[in-house]
Amino acid sequence: MDQVEENFRGMWRELLPVGRYDATGGYRRHAWTAADGECRAWFREQALKRGLTYEVDRNGNQWAWYGDPAAGDAIVTGSHLDSVPDGGAYDGPLGVVSAFAALDALRDRGVLPDRGVLPDRGTAGGRPFAIVNFGDEEGARFGVACVGSRLMAGVLDPDHARALRDQDGVLLGDAMERGGHDPAMIGRDDERLARIAAYVELHVEQGRNLGDAPVGVASAIWPHGRWRFDFHGEANHAGTTRLEDRRDPMLAYAATVLNAREQARLAGALATFGKISVEPNGTNAIASRVTAWLDSRAADSATLDRLVKEIIQQSEAEVTRESYTPVVAFDRPLRDRLAGRLGGVPVLPTGAGHDAGILASAIPTAMLFVRNPTGVSHSPAEHAEEVDCLAGVAALVAVLEDLL
């Protein structure tokens, strides 16, 4: 058995049980929880067993360095290890496991020597190389996606980040502190950004657009955002309050969901209410308040803005925009270099946000996609065939060797 393939399979087996919820088969690896801590410990172990320089940056992101981290002009790859509630095994971890497997392959080929100094600049392996695990990419616990990369790139205010709360009222700052990280340190990291020449992220495809191709290259990320809708009403008894006397915010919420679906269909865009909180949340009680979160995405910012404006205008809610990411076009020279190196693989846009999209405002970034035969993602049914995962590793090795 090829050693790199064996390493990939071994790492994958180690990660599979971490944070898995037996009742659903999905994963609950939410940021700064025990499961996330196990994932972070696994990352650190993989770095140290390979003799890499391990560090955690000011925003809680983990780094494994081959070569001098301070030398600059580094090539970086990786992804994230946290998950959405009951998410799949591949979203995020595939990119991190593939990164370590690619490092092993580059060493086997002699591109990166096992010991000693890096080759001269301008030769293969002449640049520092790093693998990264970005923290809190999914935003499942605190409501804002890509927290680690947003803080690093300076597109998330540190005070706002520290004040984010989970559904139990726990502050993000407090959760970080309990996880062993000082929240006073968080913020834009210009020194680290200046070290990086390019970031390439491998990710499972979150759709079925690759067709017969096992691997593709991303062209752009659709603009997307999250909005909180607060619907107010009056709590009352479900068995004694006449229908005409009710002030039930659930009705306004339901009407908004149906309208959002229709407006998205007309706009050729996407609108999803996937998270809801109800007070007092009793079976025999009329709700006093419904809080719901809208996730909306479109091919361009103008369409997205019109869609969300229409949804808000026809709702009976107080609305707060919690996050917004404009369209991201990945660095064209880097994107074309990857596609050319891989022999004309499909180049396609995606509606999903990623750390690579956040960092694109500060450094050249690109993405590789691995085929997903079902198109299902953010679900226990998310899947990629092992042969395609290994094709993704091979593609990552090829582009890294070219960039290094």
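Which residues in α3 meet which residues in α12? The third legend below gives the answer.

The model is predicted, so local features need pLDDT of at least 70, side-chain atom pairs count only at pLDDT 80 or more, and totals for chains, interfaces and linings use all residues. Residues are numbered from 1 along each chain as its sequence is written, and side-chain values use heavy atoms, with hydrogens and water left out.

**View 1. Four strands form an open antiparallel sheet in the order β11-β13-β9-β14.** Strands are DSSP runs of E with at least two residues, helices are runs of H or I with at least four, and both are numbered from the N terminus. Two strands pair if DSSP finds at least two bridges between them. β11 (270-279) and β14 (318-325) are the edge strands; each has a single partner, so one side of each lacks a neighbour in the sheet. Between β9 (residues 224-232) and β14 there are seven bridges, in the antiparallel sense. R226 stands opposite S323 in β14. Helix α8 (residues 249-267) lies across β9, β11 and β13 (289-297), and runs at about 170 degrees to β11. Such angles run from 0 to 180 degrees between N-to-C directions, and axes are lines fitted to C-alpha atoms, for helices over the stretch in contact.

**View 2. Helix α1 (residues 3-15) packs with helix α3 (residues 93-108) at an angle of about 150 degrees.** Their axes are 9 Å apart. α1 is therefore roughly antiparallel to α3; angles under 35 degrees count as roughly parallel, over 145 as roughly antiparallel, 65 to 115 as roughly perpendicular and the rest as oblique. Residues of α1 that meet α3 include F8, M11 and W12, and on the α3 side F100 and D104 are among them. Contact means heavy atoms within 4.5 Å. By class, this contact of α1 with α3 has 11 nonpolar, three polar and two charged residues. Ala, Val, Leu, Ile, Met, Phe, Trp, Tyr, Cys and Pro count as nonpolar, Asp, Glu, Lys and Arg as charged, and the others, Gly among them, as polar.

**View 3. α3 also packs with helix α12 (residues 386-403), at an angle of about 60 degrees.** The two axes lie 9 Å apart. This angle makes α3 oblique to α12. On the α3 side, the residues are L94, S98, A99, A101, A102, A105 and L106; in α12 they meet C389, V393, L396, V397, L400 and E401. The contact of α3 with α12 divides into 11 nonpolar residues, one polar and one charged.
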